[in-house]
Amino acid sequence: MSSEQDPLFSVEGQVAVMTGAGGVLIGGMARELAKRGAHVVVVDRAVDQAQKVAEGIRAEGGMAEAVIADVLDRKSLGDALSCVMESYGRVDILINGAGGNRKEASTSPELSFFDMPADALKFVMDLNLLGTIFPTQIFGRIMARQKHGVILNISSMNSFRPLTKIIGYSAAKAAINNVTQWLAVHLAQNYSPGIRVNAIAPGFFETAQNKFLLRDETTGELTARGQQIVGHTPMGRFGVPEDLMGTLIWLVSPASKFVTGIVVPVDGGFSAYSGV
Ligand code: NAD
């Protein structure tokens, strides 16, 4: 399949470092890039999950390896970079996908905003914001040297307008949009216009990190919030990982070569709908 690719959208032979690729959405993106001939580096702190994704890709004939690192630990990211440089000698694509929310950083009948623990808020802010900045410092340095590279951050539709309950997560994803623009300008002006930085803002996709908000833990039925979300999504459903792939390929391929500093919502129209 890869040899038949349209050059405009080709990622063949590209080295793609993907944090959080042991998870649902970025793991799906890793499989898509590998299917199209990229060398995928699955970076995750969860050993079993990362290996499972890399093994799955290899079993389907793709090229992937798992590298264990914590996006909040620059030493472990430096070690991951050494592995990548040893194997490939370059980094063409960086996807900053590690991120997520935590129950203790979300208001609920049991937890008011006023009682929200500092460590939970700090965890969510750090994971999403610094967990995007630190890997960009480590892997982006190579792009600055190469004078080319594509960085894709993973924001969320709650970055445009915050959602109820999830204060830290909404704030951190809003910061990712700002950082995406900052990095796009900084890297193009100071290093090379061949380095681009964009973000995808997914809407609601059912994954481990948000299941507790969308489904009743015992019955599996949609919660009132889950129903409200689907009702507020003009396309009338949650997203599935495949929904992200067209935007992914566009943003990491030459098809978007004059596009930098943007955040693309992929949300079934959620952020466009006023509710009336
Ligand atoms: P997921 O929980 O399935 O995957 C996240 C992965 O990140 C996991 O494999 C986890 O081990 C890894 N990870 C967490 N902390 C890490 C760390 N410190 N260092 C290295 N790896 C770490 O989540 P997902 O739903 O696939 O989300 C992927 C990205 O998409 C996240 O940034 C998330 O915020 C974002 N997002 C998700 C949704 C959604 O509806 N699921 C919506 C908008 C944005």
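Which residue has a polar side-chain atom 3.0 Å from an oxygen atom of the ligand? In this predicted model, that residue is Gln49. Its side chain provides the polar atom of the pair. A polar backbone atom of Gly97 is 2.9 Å from an oxygen atom of the ligand, and a polar backbone atom of Arg45 is 3.3 Å from a nitrogen atom of the ligand. The protein covers 93% of the accessible area that the ligand has on its own, which is 830 Å².

Now consider the whole shell. The ligand is surrounded by 31 residues, and the closest are Leu25, Asp44, Tyr169, Phe205 and Thr207. Sorted by class, the shell contains 14 polar, 13 nonpolar and four charged residues. H1 gives the largest share, with three residues.

The second largest pocket is the next place to look. Its volume is about 360 Å³. The pocket is lined by 15 residues, and those closest to its centre are Pro162, Leu163, Thr164, His232 and Phe270. How does this lining divide by class? Eight of its residues are nonpolar, five are polar and two are charged.

Definitions and conventions
Residues numbered from 1 in each chain as written. Predicted model: local features only at pLDDT ≥ 70, side-chain atom pairs only at ≥ 80, totals over all residues. Heavy atoms only, no water. Near = heavy atom within 4 Å. Polar contact = N/O pair within 3.5 Å; in protein donor to acceptor, adjacent residues only side chain to side chain. Areas by Shrake-Rupley, 256 points an atom, 1.4 Å probe, with all protein chains shown as cover. Helix = DSSP H or I, 4+ residues; strand = E, 2+ residues; numbered from the N terminus. Nonpolar A, V, L, I, M, F, W, Y, C, P; charged D, E, K, R; others polar. 1 Å grid on protein atoms, 1.4 Å probe; cavity = no way out; pocket = protein on both sides within 12 Å on 5 of 7 lines; lining within 4 Å. Points joined across faces, edges and corners; volume = space filled by probe spheres on them.
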